[in-house]
Amino acid sequence: AYAPMLYTWLALALALSPRSLSVRRRASAAQSRRCGPPVGAADVDIYGRAVLAPLEASASTAEPVVKVYSVHCSVNVAMPWSNKPQEESTGSGFTMRQQHDGQLVILTNAHCVADATYVEVRKAGDSQKHVAQVARIAHECDLATLTVSDDAFWEGVEPLEFGPMPSLQDEVSVVGYPEGGEGVSVTQGVVSRIEIQRYAHSGANLLAVQIDAAINPGNSGGPALNADGDVIGVAFQNQLDSQNIGYVIPAPIIAHYLVDDAPSDPRRPAGFPSLGIFWQALDNPQLRAYLGMEGRTGVRIRGVAPTAPAAALLRTGDVLVELDGHAIANDGSFAIGGQERLSFAHLIHLKFAHQTIGLRVLRAGEELELEVPVRPLQRLIPPTAYDEPLPYFIYAGLVFVPFVEPCAALESHLPISPHLSH
């Protein structure tokens, strides 16, 4: 007898909580910005809800978040002369306006259209699908840009705007088309963590924002919006065997992708640069005393990739104490706020190919200021094989193929060592 009453009181408490009220106010405000007042008391839908009139009678504003349909066929690394069976998948995306030419495009995840042979998109509330083309793709940061040649698709579409980098505990809404239905879905949560994470699609370690809003299969490519309705990231993966741990690609990574160009292929960015060093944390006070740091903080360089431009300027045993004007802590992090720290690798990721970055190093007790070039480094063992056939050579019954990480999955006793990444 007490159970229904208890549930009623719990539902009432949740409905009247400050968080619930603030969320409903923002949702109502956002809907009011898109639509005008109710048309009339008699104008209701089949559920009795008032039908809202568009702000302009001439054209209605279309939902900027779209559903992406992809037909893809990936390469078979075991038999490179053939492909795996054709598969279909769905994801999400949203419309945006490119800064350099003003063209309207769709931004989504690269893994939504990787190895795609046919791509279609559909707007919310629209039954028609439109053929889309992959205009630009970057598997490293898991982002892709789609274009639609049909002008009818863009009628009434209002692109989303990008907002600033969020802070911890900022409220966020994820919009997309997850599995379990055909309509658009909205989940809400807060920013839980901001740090370098491994991108599952490429294996790259780049900046990511962790949120507690639900991100399910199909949400990939959908926007994460702040309280003002601006995009602060793109949903792209979640944490397996956990609850409410999802990740979005933040605005700094998106901005880098949008303006980065590879001279050899305009469809692909040059990528995120690397300093090409291997470093050791200096938490041990005896080691710091041996290196003569005298109250300084930093990390010890234990190796430099021979193909990196830094090989001509840095030496094994140097202590990196400052990078691009930011002091480096003994664990390799730098401060970005009162409670937030990031790996110094993020400072390098913000640069572009063939730019330089300022370093202050301690060498044999003497401080040196250096300008070191940075550029993307090719991994010795590529982590992925997307969009292109895998070359192969057959001789005397043996098949020779380039060694990529998917090849290691064919033999469980061949793990890939992290030291073979460069």
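## Nonpolar cores and a closed barrel in a predicted model

In this predicted model, the largest nonpolar core has 59 residues, of which Ile211, Leu275, Leu314 and Leu359 touch the most other members. A nonpolar core is a set of buried Ala, Val, Leu, Ile, Met, Phe, Trp, Tyr and Cys residues joined through side-chain atoms within 4.5 Å; buried denotes under 20% relative accessible area (1.4 Å probe, protein chains only). A second, separate core comprises 18 residues, including Val66, Phe153, Trp154 and Val157.

Residues are numbered from 1 along each chain as its sequence is written. Local features need pLDDT of at least 70 and side-chain atom pairs pLDDT 80 or more, whereas totals for chains, interfaces and linings use all residues; side-chain values use heavy atoms, without hydrogens and water.

Six strands form a closed barrel in the order 3-4-5-8-7-6, with antiparallel pairing. The twist from one strand to the next averages 40°. Strands are DSSP runs of E with at least two residues, and helices are runs of H or I with at least four, numbered from the N terminus; pairing requires at least two DSSP bridges.

| Strand pair | Sense | Bridges |
|---|---|---|
| Strand 3 (residues 65-72) and strand 6 (residues 116-123) | antiparallel | 7 bridges |
| Strand 6 and strand 7 (residues 130-138) | antiparallel | 3 bridges |

Within strand 6, Arg122 is the bridge partner of Lys67, and Glu120 that of Tyr69. Val121 stands opposite His130 in strand 7. The hairpin of strands 6 and 7 has 6 residues between the strands, and Gly125 there takes a positive phi near 80°.

Methods. Buried < 20%, exposed > 50% of the residue type's maximum accessible area, 1.4 Å probe, protein only. Axes fitted to C-alpha atoms, helices over the stretch in contact; angles between N-to-C directions.
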